[in-house]
Amino acid sequence: MNTSCWLIICSLFFTVGITGKSARANNPDYEQRRTAYIDSALANFSDDAVTLQAYRGLPVDTQALHNLLAAVPVKSTSDFDIVKLIRILFFTNGTYDAQILPVLASVPFWLTKGDKLRVYWSENHMIMWMSSHWLLHERYGWPMDSSLSSRLRHYLRLKIHYGFYEFFSSTYAPYTLSGLLNLTDFAQDTEVKNLATQAAIRLLKDLLMPVNDKGVFYPVAGRNYYSKYEDPYHQNHHHLVYLLTGLGQPPVGASHSGGFLASSSIPVDSIIASWSPVLDTVYSIGHSLDSISHPSIANHA
């Protein structure tokens with residue numbers, strides 16, 4: 001392990017464990033890995049590969065699509081599935097609209113009085129719900145609540161300027177990325193598209209920062225699980241690490257986030273160039289402590 005990485009995160013108040021086929025970056029090594037990843041994922045199919053089937057113009061697996069649709073009305077984290085359905089809608093140009101849209105229309109896309117099932121309020125859920133609602137509004141004219149536009153833009157600007165509060169989270173950052181990449185690839189609003197792209201690039205650069213020369217990602221992280229540290233390579237986030245760097249074991253099938261990145265138009269050259277095998281830095285996420293003006297908050301901090 002050549003990486004020496006000292007990450008001091010002192011400005012947080014908690015520390016707990018167009019289409020996607022255009023505007024692609026021209027890094028040939030990345031393109032080779034991306035193509036091989038898609039080929040392997042399709043040959044070793046799992047439900048996470050449905051986004052890649054749609055991207056390649058192949059029929060989407062019937063059972064995998066059924067599983068996604070069945071989860072939407074009953075699952076507390078159905079936004080994990082909805083972002084995939086959004087990707088299928090946009091890549092397939094109407095082929096599956098009649099199957100998908102009525103199911104999506106049956107659920108609220110933001111907090112609703114009396115709804116005790118769905119989770120909207122943590123960072124990854126926020127962007128998956130908001131991005132899905134925004135794209136359905138743009139493409140299909142679905143009505144949006146009065147705060148969606150301001151909420152979405154505010155969220156994106158906060159992440160660009162101050163980083164992600166689920167910092168270095170191998171568990172949740174990949175899901176945040178999927179919401180961002182849907183906007184990067186499909187948003188019609190130029191500002192939303194650009195903000196989402198900037199936020200996604202920052203997230204992926206953060207992901208690569210603590211990766212060592214073996215492709216292993218073991219940082220202190222906000223919102224994580226022990227299992228992510230027990231096996232470095234067979235994890236959702238490692239698919240992102242491998243696609244961007246080629247380090248570590250090549251994945252055989254797809255993961256949720258791997259399917260999104262491999263089918264995305266996001267430019268990756270600056271992300272790839274940000275990785276270093278040796279890192280000695282102080283990295284601060286969030287508002288600086290000296291920017292807090294309220295005396296009671298400053299004293300507490």
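What share of the 301 residues in the protein is buried? Buried residues make up 55% of them. The model is a predicted one.

The secondary structure consists of 14 helices and zero strands. The accessible surface of the protein is about 13,200 Å², and carbon and sulfur atoms account for 57% of it.

**Helix α5**

Helix α5 covers residues 97–104, and D97, I100, L101, V103 and L104 are buried in it. Viewed down the axis of α5, these buried residues fall within an arc of 165°, so they line one face of the helix. A98 and P102, on the other side of α5, are exposed. The cover over the buried residues of α5 includes α3 (62–71), α4 and α6 (123–140).

I271 belongs to helix α13, residues 269–274.

| Residue | Helix | Relative accessibility |
|---|---|---|
| I271 | α13 (residues 269–274) | 0% |

I271, at 0%, counts as buried by the cut-off of under 20%.

Which residues does K84 contact, leaving aside its neighbours within four places in sequence? They are D47, D48, V50, T51, L68, H256 and F260.

With neighbours within four places in sequence again left aside, I271 is in contact with I201, L204, K205, L208, L244 and I266. L244 is 27 residues from I271 along the chain, and the C-alpha atoms of the two are separated by 7.7 Å.

**The largest cavity**

Rolling a probe the size of a water molecule over the atoms shows where empty space is left. In this model, the largest cavity holds about 60 Å³ of space. Its lining is formed by F164, E166, F167, F168, S169, A173, L203, D206, L207 and I285. By class, seven of the lining residues are nonpolar, one is polar and two are charged.

Which helix gives the largest share of the lining of the largest cavity? Helix α9 (residues 190–208) does, with three residues.

Technical notes. Residues are numbered from 1 along each chain as its sequence is written. This is a predicted model: local features need pLDDT of at least 70, side-chain atom pairs count only at pLDDT 80 or more; totals for chains, interfaces and linings use all residues. Side-chain values use heavy atoms; hydrogens and water are left out. Helices (H or I, at least four residues) and strands (E, at least two) are DSSP runs, numbered from the N terminus. Buried means under 20% relative accessible area, exposed over 50%, partly exposed in between (1.4 Å probe, protein chains only). Contact means heavy atoms within 4.5 Å. On a 1 Å grid over the protein atoms alone, a cavity is a set of points where a 1.4 Å probe fits but cannot get out, and a pocket is an open set with protein on both sides within 12 Å along at least five of seven lines; lining residues have an atom within 4 Å of a point. Grid points are joined across faces, edges and corners, and a volume is the space filled by probe spheres set on the points. Ala, Val, Leu, Ile, Met, Phe, Trp, Tyr, Cys and Pro count as nonpolar, Asp, Glu, Lys and Arg as charged, and the others, Gly among them, as polar. Accessible areas come from the Shrake-Rupley method with a 1.4 Å probe; for residues, only the protein chains shown count as cover. The arc is that of the directions from the helix axis to the C-beta atoms.
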